[in-house]
Amino acid sequence: GLIFYDTKVTVMNRVLNATVQRTADHAAPEITLDPLEIVGGEIRSSENSYFCQAARQLGCVPSSQLCVKLASGGDPTYAFNIRFTGEEVHGTSGSFRHFLWQVCKELQSSSLSLLLLCPSSAVNKNKGKYILTPSPITYAEEQLFHFFGQLLGIAIRADVPLPLDLLPSFWKTLVGEPLDPDLDLQEADILTYNYVKKFENISDETELEALCAEIASQHLATESPDCPNKPCCKFTYLSLTGEEVELCPRGRHIPVGWENKDVYAAAIRSLRMRELQTPECMTAVRAGLGSIIPLQLLTTLTPLEMELRTCGLPYINLEFLKAHTMYQVGLMETDQHIEFFWSALEMFTQEELCKFIKFACNQERIPFTCPCKDGGPDTAHVPPYPMKIAPPDGAAGT
């Protein structure tokens, strides 16, 4: 927390350029994606998604081939080239950015099961935020998490912010910061947080009985074996993926009483914290990321800075965009139609601005820093800057 973000980014960029492994005399790996495989509204099978098509093909490419220098200037070098079956695309930049955008959409949909909508979004807290799906993983899923980690590293080297909405707990675990058992539980699953708090704050047995009765009315409790009409909870709880799990050996047979209610509350909290840390999945993600960028870099970044470096801001700053716009062939900023253009954009909502950016350069988020600023030694722009406005091609009409 003692170093400015800009300073960290400068050092990070220097290290990334010093750890390049694919030089100019090596051709970029190329993958072929078939857009027709994902046509038909909801993706029929996760195997057909761009994410899985790419993971299969890049699984055979040594990760050193994906470690390229930071993208800059008009014809940036990207980790790999993409060819879309049956589509003619000029240049490599647009199709690469479109691929990253499409993959983020797939990751945050029901077609892939790597990410899970955080339970708090059901009650309008952290709406639309995701966490890694916590469950024992197969070898195939481990490969997918590894590729997900590689994509984070690839996006950092390409300086293409990924439109991913992940909870802070993901970024904390990624950079190796411990989770806060209160704050992070509340962020991810406020219903469980409130449930645990109720048990922690009970002051007498009557309250406990009333709470168990309330839970029984929601089908979460069973009757006590000692008093058949008295409802009680057992040492079980629902996991984030919806399965009932025992909180201790033979938990299904242990009723929650006055003596062990705190143990019960602590067991639920620790179940959720384990699920939020997802050690198996996160190890695979970090291994993938570490094959593209040196993991030592993460030790200087806070979780929020890591998120900013990987996903940018979901907010489009028009002043920054204006400052990184070029007017071509006789056009000037003071031309009437240019002024109309900017005032029209000023009336756009953020959602509409994201759609405009996607239309203009095939990505929804744009970097909010650029090395060309302050007249520094590096005058090259980060793609897709600068935005270019040119006169129409044809002279017909007014």
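Select Thr278 to begin. Thr278 sits in the loop between α9 (261-277) and α10 (279-290). Helices here are DSSP runs of H or I with at least four residues, strands are E runs of at least two, and both are numbered from the N terminus. Thr278 has a positive phi of about 30°, although it is not a glycine. Is Thr278 buried or exposed? Thr278 is buried, at a relative accessible area of 4%. Buried means under 20% relative accessible area, exposed means over 50%, and partly exposed lies in between (1.4 Å probe, protein chains only).

A word on the model before moving on. This is a predicted model, in which local features need pLDDT of at least 70, side-chain atom pairs count only at pLDDT 80 or more, and totals for chains, interfaces and linings use all residues. Residues are numbered from 1 along each chain as its sequence is written, and side-chain values use heavy atoms, with hydrogens and water left out.

Next, select Asp159. Find Asp159 in the loop between α4 (139-158) and α5. Phi of Asp159 is near 55°, a positive value in a residue other than glycine. Asp159 is buried, with a relative accessible area of 17%.

Now show α5 (residues 168-175) and α11 (residues 303-311). At what angle do α5 and α11 pack? The angle is about 100°, and the axes are 8 Å apart. Axes are lines fitted to C-alpha atoms, for helices over the stretch in contact, and angles run from 0 to 180 degrees between N-to-C directions. The two helices, α5 and α11, are therefore roughly perpendicular to each other. That term covers 65 to 115 degrees; under 35 counts as roughly parallel, over 145 as roughly antiparallel, and the rest as oblique.

Show the side chains of this contact. From α5 come Trp171, Lys172, Leu174 and Val175; from α11 come Pro303, Met306, Glu307, Thr310 and Cys311. Contact means heavy atoms within 4.5 Å. Six of these residues are nonpolar, one is polar and two are charged. Ala, Val, Leu, Ile, Met, Phe, Trp, Tyr, Cys and Pro count as nonpolar, Asp, Glu, Lys and Arg as charged, and the others, Gly among them, as polar.

Stay on Cys311. The structure holds zero disulfides, a disulfide being a pair of cysteine sulfur atoms within 2.5 Å. For Cys311, the nearest cysteine sulfur is that of Cys104, 7.3 Å away. Cys311 is buried, with a relative accessible area of 0%.

Go to α13 (residues 336-346). Which residues of α13 are buried? Pick out Ile338, Trp342 and Leu345. They cover an arc of only 60° around the axis, which puts them on the same side of α13. The arc is that of the directions from the helix axis to the C-beta atoms. The buried residues of α13 pack against α12 (318-323), β9 (325-327), α14 (350-361) and β10 (387-389).

Follow the loop between α14 and β10, where Pro384 is found. The peptide bond from Pro383 to Pro384 is cis, with omega near 5°. Pro386 is in this loop too. A cis peptide bond joins Tyr385 and Pro386, with omega about -10°.

Then select Thr192, in helix α7 (residues 190-200). Thr192 counts as buried, at 2% relative accessibility. Leaving out residues up to four places away in sequence, Thr192 touches Leu185, Tyr237, Ile268 and Arg272.

Last stop: Ser64, in the loop between α2 (50-58) and β2 (81-84). Ser64 counts as partly exposed, at 23% relative accessibility.
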